[in-house]
Amino acid sequence: MRKKLFIKTYGCQMNVYDSDRMAAMLARHGYQRVDSPEGADLVLLNTCHIREKAAEKVYSELGRLRRLREQRRREGGDMLLAVAGCVAQAEGEAMAERAPFVDIVVGPQAYHRLPELLARRGRGRSGIIDTSFPRESKFDELPREEGQSAVSAFLTVQEGCDKFCTFCVVPYTRGAEVSRPVADVLAEARDLVARGAREITLLGQNVNAYHGEGPQGREWGLGRLIRELAEIPGLLRIRYTTSYPSDMDAELIAAHGEVPQLMPFLHLPVQSGSDRVLRAMNRHHTADDYRRIVAALREARPDIALSSDFIVGFPGEREEDFAATLELVEEIGFAQAYSFKYSPRPGTPGAILPGQVRETVKAERLARLQELLDAQMRRFHAAQRGRELPVLFERPGRHPAQLLGRTPYMQSVHVEAPELRIGDLALVRITEAHAHSLAGTLVTRSM
Ligand code: 5AD
Ligand code: SF4
């Protein structure tokens, strides 16, 4: 009898990748993935700790699952509850105390030990916690997925972060920066393409700090890695996320101009336009550094579209600092962006800085910033009207003859094209621009 596994994934794409790898591993131990917790034998929450109330949300979800489990037990069944991801890493023992009914708490570096942890649980042990950073790498131990791959697949090449931005929990939950060896990345990429992937997004908390071991023990940067990936026949598109400004080296910038498969869209968080705030955030760049990097990228690839993250109301942020952020946004022009109110994370240096900003001020600044960013995003979408763009089709649309794909700039496009299939790349004339997506008509198929 196959056991049923339900995974709920929160947060970033790296968690999505990890969830898939955990599912692949647990499949070898008899678990079949299902898409609801009802009837599941094992429920795994893969959690995110980046912003406030993350832990609270996990605890309330656990409360719901506990009631579901009680109901199943009354019916003679059972269900194991496991928590993975950054909340698991950050809470550890605290979770065992506050939610003693949780069977397993496992941190992001210990996923390959899940079968062993499940076996220990099966032998009657309770409250099993593994938030260690083992010597062996989870990537070597976790099996690859089998079967058909998504058209647009994720591939984690780097994990962890050594930057220690003073607002961020990642260096504590994901640990120090580690890059996977080039050969491993290439093997996984070839396997993904063989199973149907046409686009690969390279993932890492600090992906452009990638420095994997290459042939003859030499270290390769991300630009070099991308050039090599571009040699894989059938791999039509390459992307990477998330990048740190000062790690955009010359080789990577040049790749944007020279590697046609490397898509002209880059998520490059700047966080603030004020040097004073950037310094307080322990960012290793100024606003002008960011401007210079963007100028170099645009020189290499004039149509490159930019995306960013912003934090408003960091401790000590004055009106003039915030004005500098607005000015930077005006100047750069973003195609897309995420913006957040600063949320103090216990254990990070920012949480105890003087000059914490009032909630009302944060909310007001966020609204002003988002208004500007939304207008830029709408303008960017509208500018595509009338253009012919290559679109890679990834998913069925809202009705049978429709497919959903993406432009090189990451915009979603709906196209009526019964003759096309998922995985096709086609030239599309953009006819409509909406707030979050585009619509178009087919010009030529299969480019
Ligand atoms: N408060 C608000 N936003 C944060 N981010 C990370 N930590 C915090 C925090 N404490 C944002 C940053 C980062 C994105 C993933 O989340 O902008 O780039
Ligand atoms: Fe967090 Fe800064 Fe590292 Fe990004 S670069 S993961 S924001 S510490």
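**Ground rules.** I am working with a predicted model, in which local features need pLDDT of at least 70, side-chain atom pairs count only at pLDDT 80 or more, and totals for chains, interfaces and linings use all residues. Residues are numbered from 1 along each chain as its sequence is written, chains are lettered from A and ligands numbered from 1 in the order in which they are written, and side-chain values use heavy atoms, with hydrogens and water left out.

**Ligand 1.** I listed its neighbours, counting a residue when one of its heavy atoms lies within 4 Å. Ile50, Arg51, Phe167, Gln271, Asp309, Ile311, Phe340, Lys341, Tyr342, Ser343 and Arg345 make up the shell. By class I found five nonpolar, two polar and four charged residues.

Next I looked for polar contacts (a pair of N or O atoms within 3.5 Å). One oxygen-atom distance from ligand 1 is 2.6 Å, to a side-chain N or O atom of Asp309. For the side chain of Arg51, the distance from a ligand oxygen to an N or O atom is 2.8 Å. Ser343 uses its backbone: an N or O atom there is 2.8 Å from a nitrogen atom of ligand 1. Ligand 1 taken alone exposes 400 Å², and the protein buries 88% of that; I note that the areas use the Shrake-Rupley method with a 1.4 Å probe. Strands β15 (305–312) and β16 (336–341) are the elements that each give two or more residues to this shell.

**Ligand 2.** I found Cys161, Lys163, Phe164, Cys165, Phe167, Cys168, Val170, Pro171, Tyr244 and Arg283 around it. That shell divides into eight nonpolar, no polar and two charged residues.

**Backbone.** Most residues other than glycine have a negative phi, and most peptide bonds are trans. Thr241 and Thr242 are joined by a cis peptide bond, with omega about 5°, and Thr242 lies in the loop between β13 (237–241) and α10 (250–258). Asn282 has a positive phi of about 60° and sits in the loop between α11 (275–280) and α12 (287–300).

Key: A polar contact is a pair of N or O atoms within 3.5 Å; within protein, one must be able to donate a hydrogen and the other to accept it, and residues adjacent in sequence count only if both atoms are side-chain atoms. Helices (H or I, at least four residues) and strands (E, at least two) are DSSP runs, numbered from the N terminus. Ala, Val, Leu, Ile, Met, Phe, Trp, Tyr, Cys and Pro count as nonpolar, Asp, Glu, Lys and Arg as charged, and the others, Gly among them, as polar.
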